[in-house]
Amino acid sequence: MLSEKELEIYRRVGRIAAEVREEVRRMVKPGELLLNIAETAEELIRSKGAQPAFPCNVSVNAVAAHYSPPADDKSRIQEGDVVKVDIGAHIDGYIADTAFTVAVGGKNQEIAEAVEQVLEKAIGMVKPGVNVGEIGATIEEAAKVAGFRPIENLTGHELARWDLHAGITIPNVKEESEQTVKEGDVLALEPFITNGAGEVEDQPETYIFRFIGVRPVQRRMSLKVLQDISRLYRSLPFAERWLAKRMSRIRLQLTLRDLINAGAIRPYHVLKEREDGLVAQAEHTLIVTKDGCEVTTR
Ligand code: CO
């Protein structure tokens, strides 16, 4: 169970994430740099007294998640794009995680609206004793009624202090599961829906990483960078871009490669819909209460 103090921090960081989400939503317009959206979101989080819990993801069309623009990214929002922005903030390791979709110009409005409704249905299910598979079934059903498919290999997740993906996972499809939610759990529900196959695949590109542990590395430079990563981000994901100011791109990529090969950090691959379908996402963080839940990111 959470203490009063922990509850208070979860509420505070939830409000910050929600404010940032609404400010950044207005930026998703034709011509805007994806990089500018991500950096503005992260800067707003800091200016409000929290820290990014992970690099801001700005994922467009068939890209479902894990695209956080690198430092030299030139890509811009275009008319007709389906843009997902996923924002994480933390205070002292207590995390709020929230995401939205904009159908730029309104052409793909249907999928963007549908995923919000799917999320609300899922939130309506949450109370102590509910099996996570039932929440998945609700998401799947609501997505299908709206004419879309849920993405079956992406899930919602439990949040714990300094841990973005703690114990429980919440499927986006009906599933046999042993896991039930209980009072005091902090959960991020994040349905993804698509007009494609309903499955994402790893792309070669990686822009987001996470510290795993100190391991023997090839280069001295790598060890120094690893120590900084561990101190600055602990076990939370970080962006290649966040390290870009300290060395050249080539050198940074060699260093990250060295750390991945040593098993000291892990990469998160960009995730793309298998049939290049459009993907929409909505996400809120909530705390399970005695008879329902309290959404911290409204
Ligand atoms: Co999440």
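Strands β7 and β8 run antiparallel and are joined by five bridges. Strands here, like helices, are DSSP runs numbered from the N terminus (E, at least two residues, for strands; H or I, at least four, for helices), and two strands pair if DSSP finds at least two bridges between them. Opposite Ala160 stands Asp163 in β8. The hairpin has two residues between its strands, and Trp162 takes a positive phi near 60° there.

The model is a predicted one, in which local features need pLDDT of at least 70 and side-chain atom pairs count only at pLDDT 80 or more, while totals for chains, interfaces and linings use all residues. Residues are numbered from 1 along each chain as its sequence is written, and side-chain values use heavy atoms, with hydrogens and water left out.

## The five-stranded sheet

The β7-β8 pair belongs to an open, antiparallel sheet of five strands in the order β8-β7-β9-β15-β16. Its edge strands, β8 and β16 (293-295), each pair on one side only. From one strand to the next the twist averages 30°; axes are lines fitted to C-alpha atoms, for helices over the stretch in contact, and angles run from 0 to 180 degrees between N-to-C directions.

Glu294 in β16 stands opposite Ile287. Helix α3 (residues 109-125) packs on this sheet and touches β9 (186-189), β15 and β16, its direction making about 10° with that of β15. Contact means heavy atoms within 4.5 Å.

## The four-stranded sheet

A further open sheet has four strands, with antiparallel pairing in the order β3-β13-β11-β12. Strands β3 (63-65) and β12 (238-239) are at the edges with a single partner strand each, so one side of each has no neighbour in the sheet. β12 pairs with β11 (residues 200-211) over two bridges, in the antiparallel sense. Phe238 in β12 is the bridge partner of Phe209.

Helix α5 (residues 220-233) lies across β11, β12 and β13 (265-273), running at about 85° to β11. Helix α6 (residues 249-261) packs on the sheet and touches β11, β12 and β13, with its direction at about 105° to that of β13.

## Domains

The domain assignment divides the protein into domain 1 (4-202 + 275-295) and domain 2 (207-270); such bounds come from an automatic or database assignment. Taken over C-alpha atoms, the domain centres are separated by 25 Å. Domain 1 puts 27 residues into the contact and domain 2 puts in 16 residues.

## The largest pocket

The largest pocket holds about 560 Å³ of space. On a 1 Å grid over the protein atoms alone, a pocket is an open set of points where a 1.4 Å probe fits, with protein on both sides within 12 Å along at least five of seven lines, and lining residues have an atom within 4 Å of a point. Grid points are joined across faces, edges and corners, and the volume is the space filled by probe spheres set on them.

The lining has 26 residues, of which His66, Leu164, His165, Tyr268 and Leu271 are the closest to the centre. β7 (155-160), β8 (163-171), β11 and β13 are the elements that give two or more residues to it, and β13 gives the most, with five residues. Ten of the lining residues, written as 10 in the class count, are nonpolar, with eight polar and eight charged. Nonpolar covers Ala, Val, Leu, Ile, Met, Phe, Trp, Tyr, Cys and Pro; charged covers Asp, Glu, Lys and Arg; the others, Gly among them, are polar. Both domain 1 and domain 2 give residues to the lining, so the largest pocket lies between them.

## The second largest pocket

About 170 Å³ of space lies in the second largest pocket. It has 14 lining residues, and Leu2, Glu158, Leu159, Gly184 and Val186 lie nearest its centre. α1 (4-25) and β7 each supply at least two residues of this lining, with the largest share, three residues, coming from β7. By class, seven lining residues are nonpolar, one is polar and six are charged.
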